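Please read it alongside the sequence and the structure.

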Amino acid sequence: MEHKLMYEQLKGKVRLPKFATPKRYDLKLTPDLSACTFSGSVEINLQIVQETQFLVLNALELVIAEVYFRDSHQREFRPSDVTVDNEDEILVLAFADVLPLGEGILGVNFSGILNDHLTGFYRSTVVVGGEKKNMASTQFEAADARRCFPCWDEPALKSTFKITMELPSKFTALSNMPVIDEKLNGHLKTVSFVETPIMSTYLVAFVVGSFDFVEDITSEGIKVRAYCPVGKSEKGKLALDIAVRVLDLYTKFFSMPYTLPKLDMVAIPDFAFGAMENYGLITFRENELLHDDLQSAAVNKQRLAIVVTHEVAHQWFGNLVTMEWWTHLWLNEGFATWVSYLATDCLYPEWKIWNQFLQLTVGGLQLDALEESHPIEVEVQHARSINEVADAISYKKGSAVIRMLQDYLGDDIFQRSLAAYIKKYAWKNAKTEDLWDVLSEVSGIQVHKLMDTWTKQMGYPVLYVKSKNQTIEFEQSQFLSSGSHGHREWIVPVTLCIGSYERRKNFLIETKSGNLDISNLWCSSDGNARTYELHQEKWDDEQLWVKLNVGQTGFYRVKYDDVLAARLRRAIEANLLSSTDRFGILDDSYALFEVSELSLSSLLSLMDVYRKESDYIVLSRLIDVAYVAVMQNVSAKNRTGFQSILNVYREADAVEEKARVLRILASCSDSDIVLEVLNFLLSDEVRDQDIIYGLSGISAEGREIAWRWLKDNWDLIADRWGSGGLLTQFIREIVTPFCSWEKADEIEAFFATRVTHGIARTLKQSIEQVRIKARLVQNAQNEQSVGELIRQLAFRE
């Protein structure tokens, strides 16, 4: 009875009880790739810190065969009750006697299934010599090491790991550390790996399969390898070169060497994410690691560089210094995203990659303008809601506010602060506040006060800017895509220039409204620092354009009064502004149009001055040379083009080519073809990881049939992908494109009884975006003068 009462108290908890803490795992695994199962044993060195008759750790979908506990005096305790609670994802061990304080060893024998959900210890398939074969890989972030072995599966509970695997001798086994011993026993072999340094469970990794590889060594003597499908090792050379170079770069940037003796990168055929930063064994989706000079587009090369530099950055920021809990996930991902652009810019300055960073910033601005957004730092209550927090707010807004802070503090102070932070918390866990403490200490600025307004509350401001005499007047208000105004305020690091990029000022807006005297920004024409008398007639000069958020390094929007807006239009026309600032003005204006603060006529007039625009980032992406044109002419009666492109997919060897084809297959205007494509996405011909490409390309004409298809197949889809992040993609790609209030109500009604932890936030955000677009369409339809303005602009030279 006492055990039952205690067990009831353990249920429904967010974190594990602190009866014991793990120090070391001795893990032995035997995967069976034919049967798609595995068995194993683990001995966990524990420190019993509270007198207890219970041990509670994480386990999910494992069969527990034997359990014992041995104290430091070699006394053995067997549990009287062993309960695997798959709902709470815990293993509860009840003992008849109180376990003694101090050191002990918990031993557990277990078995499980190599699942096909792309999470935990899972199976993948690879074609070798024309034959499809199984392989096995891991994806433990955020909370799925528990699917492979019983463990204390929380990031703060760091331990060392001694890993041993028994497998067929024909396969290669990889893990976080190098192989220390390999023993053959007939057709089997036992592979032992060097014990890891202290690390979190979500970073443990192993891969079993057949590979070729290329290797190189850094200037510090670190062996780096890129493991590729058999016969395709040449395709790993670009990623290998980038990894070697960036390891040296980060060693200098963080003033801390890479801490493991090797770094492996592995291309996995079936992979839910882009890549995963497992300590010393980074796993990648194939098209994020493999590169073919003849078939891969330039954009694929840039994407590969960003992904590799991102994951390698995690070896310091995330693996060496780890977040204390998933609430601080943004710090891992936002930082790695920001520094990946910094590193890529150092490796390939000709790419001007910071211009493309603006696309990330815009993604964050769009999501964070929703009333269903969330703060960067959001309290994570349920392990399965972590996938929803790993969104554009954590990655895109997170990286954007880090860049904003770097720009405000300066490159040197920011770099020295990060190096000090890494040194102080190496091998430990840290919170957001710990980073702010170090930055404040090095910079002498109260970073806490500044950054709390950006990380602890959702949203961002729009700055209303007016010119008056020799001053600029500011007022901030929360920007919401719904058109309403929130009551939140921010401390805003503002950059401003007037008439020239040489006349620049950085300052903080710390109140809702204020003024800035800019008379001292107008210097004499001979370049002397003396102040030039700014008479009223000079201030009225049309050349005195004012641009805020210089280079778009800030995470806010700007609305100028009519006078300043007109001057900026003339500055754009005269090509006086940088491409990033031209982009920012256009993007802010469109966002203001969406919330009815700028008329469609004004937006079109602004767009007209971009007639001669040639910069990639301003023009944005063009829809793909040839495939889209073919698909636009496809119908159920004229299937020739569709069948040809489908054959390209089936015959393509390059994974990026397959992804490119999937992105346009559903772009057809014929609903019957769209339905056929959607069913094709669920077939065995498309890997689970690649379904998102097909979903992202659904045509406007295909939206309704896609929504009907989603409803008809929801139970199958939810059952198949309900435990991972892929399920949210179905909602984002199929639900979000709608733009009517009736459809929003219909979607809400359908999901009323189908909401789970993993999709609740995504669903609310998607429905909100549908309603925002419905209002936008109505407002545009009500604007009477648009037709005449379009006719006038169309005939301008």
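Helix axes here are lines fitted to C-alpha atoms over the stretch in contact, and the angle between two of them runs from 0 to 180 degrees between N-to-C directions. The model is a predicted one. On that basis, the axes of helix H20 (residues 671–681) and helix H22 (residues 703–721) come within 9 Å and cross at roughly 40°.

**H20 and H22**

- The crossing of H20 and H22 is right-handed.
- On the H20 side, the contact is made by Ser671, Val674, Leu675, Leu678 and Asn679, and on the H22 side by Ile705, Ala706 and Trp709.
- Six nonpolar and two polar residues make up the contact of H20 with H22, with no charged residues.

**H6 and H14**

- Helix H6 (residues 353–368) and helix H14 (residues 579–594) have axes that come within 10 Å and cross at roughly 20°.
- Angles under 35 degrees count as roughly parallel, so H6 is roughly parallel to H14.
- H6 and H14 cross in a right-handed sense.
- H6 contributes Asn355, Leu358, Val362 and Leu365 to the contact, while H14 contributes Ser579, Thr580, Phe583 and Asp587.
- Sorted by class, the residues of the contact of H6 with H14 are four nonpolar, three polar and one charged.

- Leu365 is placed in helix H6, and with a relative accessibility of 5% Leu365 counts as buried, because buried means under 20% relative accessible area.
- Leaving out residues up to four places away in sequence, Leu365 touches Tyr460, Phe555, Tyr556, Arg557 and Asp587.
- Leu365 and Lys456 are 91 residues apart along the chain, and their C-alpha atoms are separated by 16 Å.
- Ser579 lies in helix H14 and is buried as well, with a relative accessible area of 13%.
- With residues up to four places away in sequence again left out, Ser579 touches Asn355, Asp615, Ile617 and Val618.

**H9 and H10**

- Helix H9 (residues 411–425) packs against H10 at an angle of about 130°, and their axes are 9 Å apart.
- This angle makes H9 oblique to H10.
- The crossing in which H9 passes H10 is right-handed.
- From H9, the residues Ile413, Phe414, Arg416, Ser417, Leu418, Ala420, Tyr421, Lys424 and Tyr425 meet Asp434, Leu435, Val438, Leu439, Val442 and Ser443 of H10.
- The contact of H9 with H10 has 10 nonpolar residues, two polar and three charged.

- H5 is largely enclosed by the rest of the structure, because 17 of its 19 residues are buried.
- In helix H11 (residues 447–455), the residues Val447, Leu450, Met451, Thr453, Trp454 and Thr455 are buried.
- The helices that the buried residues of H11 pack against include H5, helix H8 (392–409) and helix H10 (432–443).
- Strands also take part in this packing, among them strand S23 (461–468), strand S26 (492–498) and strand S27 (504–509).

Conventions:
Residues are numbered from 1 along each chain as its sequence is written. This is a predicted model: local features need pLDDT of at least 70, side-chain atom pairs count only at pLDDT 80 or more; totals for chains, interfaces and linings use all residues. Side-chain values use heavy atoms; hydrogens and water are left out. Buried means under 20% relative accessible area, exposed over 50%, partly exposed in between (1.4 Å probe, protein chains only). Helices (H or I, at least four residues) and strands (E, at least two) are DSSP runs, numbered from the N terminus. Angles under 35 degrees count as roughly parallel, over 145 as roughly antiparallel, 65 to 115 as roughly perpendicular and the rest as oblique. A crossing is left-handed if the near helix is turned anticlockwise from the far one by less than a right angle, and right-handed if clockwise. Contact means heavy atoms within 4.5 Å. Ala, Val, Leu, Ile, Met, Phe, Trp, Tyr, Cys and Pro count as nonpolar, Asp, Glu, Lys and Arg as charged, and the others, Gly among them, as polar.
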